[in-house]
Amino acid sequence: MDNGRNTVAERQVVVVGAGNAGLCAGIAALQAGATAVSVLEAAPEQLRGGNSSLTRTMRFSWQGSPFITSLLREADKGRVDEILAGRTGYADEQYLADWLAVSGDQVDVALIESIVRRSTDTITWMRDFGQRWAPRPTPLPGDVPIVLDGGGQSLQDRNFARFEQLGGTVFYDSAVTGFEKTAGDRYLLHGSGPAFPMLADALVLASAGFEANTRLRERHLGVEWREVKLRGVPFNEGAPLAAAVDLGADTAGNWEKCHTTPQGINLPDHMLPGQMHKSHGLARYAYPLGVVVNREGRRFFDESGGYSNLTYVTLGQKIQEQPGKIAFQIFDDKVVSAGALPKGYVGDPASVSVSSLEEGARRLGIDAANLTAEIQRLHDGQAEKRLDTPPFLFVPVVCGLTFTYGGLSVTPDAEVRGGGEPISGLYAAGVIVGGLYDQGYPGGTGLMAGAVLGRAAGTSAARHAIRSRGGEARVGTAAG
């Protein structure tokens, strides 16, 4: 197609965003019969992978050790009883209860339930195209017992490999700035980079939220979020999300909240693919073993209110609200000498080990009188949670922003709604989807939701594209 100025590349299915959700969509579209499928990635090739490359956990339903065995790399299959440590399963009902207990009330319960109930089958699908899992190295209470083999970086390497093996193409340095629906009920995409303009029979949006956009953070989250360190990549500016809203897409989710985590104060301004180990080394999730206070020496969070993988996002949000946007996790020698803390804690150059609480407060600028009074109140009320054995380890922590919660309203088939009804040929998966989280985030659900809805979006998009051309599976491409 020629618009008089530029040659327009035509595709059956175009996926915006090359995170786990987008690549799952691309793989599913090709498996469903589409043969002209492209993924558009804003990052350069050497920095591909998105936030998905920086994590390693997927929370899924499972029953019985044979299923877990089927997911493990060969070297670990004989260790399944040790890995599970007596656990026999994680039922859909428990998964859903955990999600809803943490997420808050203003969520799309039907959509969440559909994700939970498809999680086991989606994990099997991913295993069948090459994904593998390994034992979690240092599990904390409540953790999923296995993690992706090689973490998110290897997850993404395997996703890219499978997508390209099936015939998909990836355009890098290709940020979508907008799109419009044509008279022929197709989507014309605009942007910067070699891919544009591009015409799609079906369009899948998997381009995350607006977490990397300073202006949109201030507008939706508040002025206190204008300056915040990103635990994720700097490429998620939110333009495709805004374009969908301009097109008439319905929004969902809490646009004033976001996924945040407690991080070491040496967290850089943002993370990049390839830095997964650095990212995990900066995580500060062992707070249930100690006490968390702010610079005023006040506790502002119930550290023992639940497993860390169900409450760490809430703590991250609250740290951003504290004086100086900083907090301090404090542990006594009972915890430290038992080796209960991850290596990142003990090796943190910003942490201090001191003989008294007063000394730790003085060295880190914490109100000592308030701190000692707070710890005494804690001892009086919770005999099982005592901070009374020196030396004490003080670990300063900040908030790291991973992604935003506000997004698009979708059906369980990943169709984007407009005016309450599906918009023909438009689908979404991953963090760009709203309605999954309101106040909090249960660990491991993001990658899982992305995979489930990515698979659904790719399958739905391929069927729509093929049907729109009367069953014709292949389209010609004028460029690219």
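**Chatting through the model**

Modeller: Leaving aside neighbours within four places in sequence, Ser 351 is in contact (heavy atoms within 4.5 Å) with Tyr 345, Val 346, Leu 393, Phe 394, Val 395 and Pro 396. Keep in mind that this is a predicted model, where local features need pLDDT of at least 70, side-chain atom pairs count only at pLDDT 80 or more, and totals for chains, interfaces and linings use all residues. Residues are numbered from 1 along each chain as its sequence is written, and side-chain values use heavy atoms, with hydrogens and water left out.

Biologist: Where is Ser 351 found?
Modeller: Ser 351 sits in the loop between helix H12 (343–346) and strand E16 (352–354). Helices (H or I, at least four residues) and strands (E, at least two) are DSSP runs, numbered from the N terminus.

Biologist: And is Ser 351 buried or exposed?
Modeller: Buried, at 15% relative accessibility. Buried means under 20% relative accessible area, exposed over 50%, and partly exposed in between, using a 1.4 Å probe and protein chains only.

Biologist: What does the side chain of Ser 351 reach?
Modeller: The backbone oxygen of Asp 348, at 2.7 Å.

Biologist: Which residue forms a salt bridge with Asp 348?
Modeller: Arg 284 does, with the closest N and O atoms 3.1 Å apart. A salt bridge here is a side-chain nitrogen of Lys or Arg within 4 Å of a carboxyl oxygen of Asp or Glu. This pair links distant parts of the chain, 64 residues apart: Asp 348 is in the loop between H12 and E16, and Arg 284 in the loop between helix H9 (276–282) and strand E14 (291–294). Asp 348 is buried at 6%, and Arg 284 is buried at 2%.

Biologist: OK, zooming out. How many salt bridges does the structure hold?
Modeller: It holds 23. One of them joins the side chains of Arg 469 and Asp 201 (2.7 Å, N to O). Those two are 268 residues apart, with Arg 469 in the segment after helix H15 (445–468) and Asp 201 in strand E10 (residues 198–205). Arg 469 is partly exposed at 24%, while Asp 201 is buried at 3%.

Biologist: Which residues are linked in a network of salt bridges?
Modeller: Arg 73, Asp 76, Arg 79, Glu 82 and Asp 149.

Conventions: A polar contact is a pair of N or O atoms within 3.5 Å; within protein, one must be able to donate a hydrogen and the other to accept it, and residues adjacent in sequence count only if both atoms are side-chain atoms.
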